[in-house]
Amino acid sequence: MSEVAQVRLRHVNDPPCPIHSTAEAIYVCLENGCQESIACPECIIVGGAHSKHEITLLTRHLDIFQKKINDCNMNTRETVLALKEKVEQVADDLSVFDPATTTLLKEIEAKGEKIKNHTDTLIAEFKTICSKIRASNRQMLEQYQSALLTKISEIEADISALDNCLTGECKEDIVNAAKTGILKTYPCLEYPNGIQDVSFKGSETPVKDVVKLIGKVQIGNECTREEPDDEKIKRLEAQVTDLKQEIKRDQTLIQKLQEEKRRSADKEHTYQIRILALERETRDSAEQMDTDKACIQTLQANNNGLAGELRDQKRVSEKQREELEHKIQELEVRL
């Protein structure tokens, strides 16, 4: 097998140790401050980077890394949904923006028809102001819409990469994805705060005072006009709708926080179970070590006893041989 194939096979089985690159990382350090670092056998022996730390096998901890990827993936998908809602909101704003501006222009033209000979220049100025504000607002909204779509594409690409990690066989990729994915955040793209509202306030001033007669273009809060009852009702209804949506978002956030609290409790319970299991394993290992020591001592005692018996038997055999040789000599003398 080639060296490249061996490295690829090793990475599928276990990732390399970040400290000892030639060793396989088969453990995960659970010590506070180590941030679930992977480690090889050399790391956990005396003098190693993770000596005397709380250690578990990577194969046992792999489900936790995968769960972190799934949690990160879920949170990222929620971010995408929120951004898509904002895109829809911008699309709605754009759909009503031109008609509202057109209505303003018609109001200005209707007022100007009565005194057209005196107001052509002023009306042109008003229309220019409205057109500039409309162009500026449209540009900001379209840029915001483009930024939202770009952010969605970026997040969806991250989601696809995380999905590929989950379906792949490379444990190193899963570990890296679990570590980097949960740390990545997506800054919120705020709605443009430079959008300026434009309205037209008509005037009842006599014709001789052209400026007062035509009125003034309202940009933001520069001037106010009396709000008709129907518009006030619409505005209040819109505020009620916004409050309902805000309440719904808060309820969703509360449910999400409660779910995170439940997951944290589950993790704590899981960790407690693992701690108890490790303690049992430690006790069992100590008991087994004591049993092995007792067996070794018994075997050594038996070995010493057999050696003594062998020496005694050897002395008896030597004495019997001497007696036989003596009897043979006596018989030879008689013969």
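Trainee: How far apart are the end C-alpha atoms of residues 307-334?

Mentor: This is a predicted model: local features need pLDDT of at least 70, side-chain atom pairs count only at pLDDT 80 or more, and totals for chains, interfaces and linings use all residues. Residues are numbered from 1 along each chain as its sequence is written, and side-chain values use heavy atoms, leaving out hydrogens and water. The span is 100% helix and 0% strand (DSSP runs numbered from the N terminus: helices are H or I, at least four residues; strands are E, at least two). Its end C-alpha atoms are separated by 41 Å.

Trainee: Which residues does UniProt list for "coiled-coil region"?

Mentor: The entry is unreviewed. UniProt positions are given in the numbering used here, feature names are shortened, and annotations may be inferred rather than shown by experiment. The record lists residues 233-267 and 307-334.

Trainee: And how far apart are the end C-alpha atoms over residues 233-267?

Mentor: Check the secondary structure of residues 233-267: 100% helix and 0% strand. The end C-alpha atoms there lie at a distance of 51 Å.

Trainee: How many disulfides does the structure hold?

Mentor: A disulfide is a pair of cysteine sulfur atoms within 2.5 Å. The cysteine sulfur closest to that of C17 is in C43, and because it is 3.5 Å away, it is too far for a bond. The number of disulfides is zero.

Trainee: Which residues have the most contacts inside the largest nonpolar core?

Mentor: A nonpolar core is a set of buried Ala, Val, Leu, Ile, Met, Phe, Trp, Tyr and Cys residues joined through side-chain atoms within 4.5 Å. The largest one has 16 residues, and those with the most contacts inside it are I38, L58 and F65.

Trainee: Which element gives the largest share of this core?

Mentor: The elements giving two or more residues are β2 (38-39), α3 (58-113) and α5 (171-181). The largest share is five residues, and it comes from α3.

Note on methods:
Buried means under 20% relative accessible area, exposed over 50%, partly exposed in between (1.4 Å probe, protein chains only).
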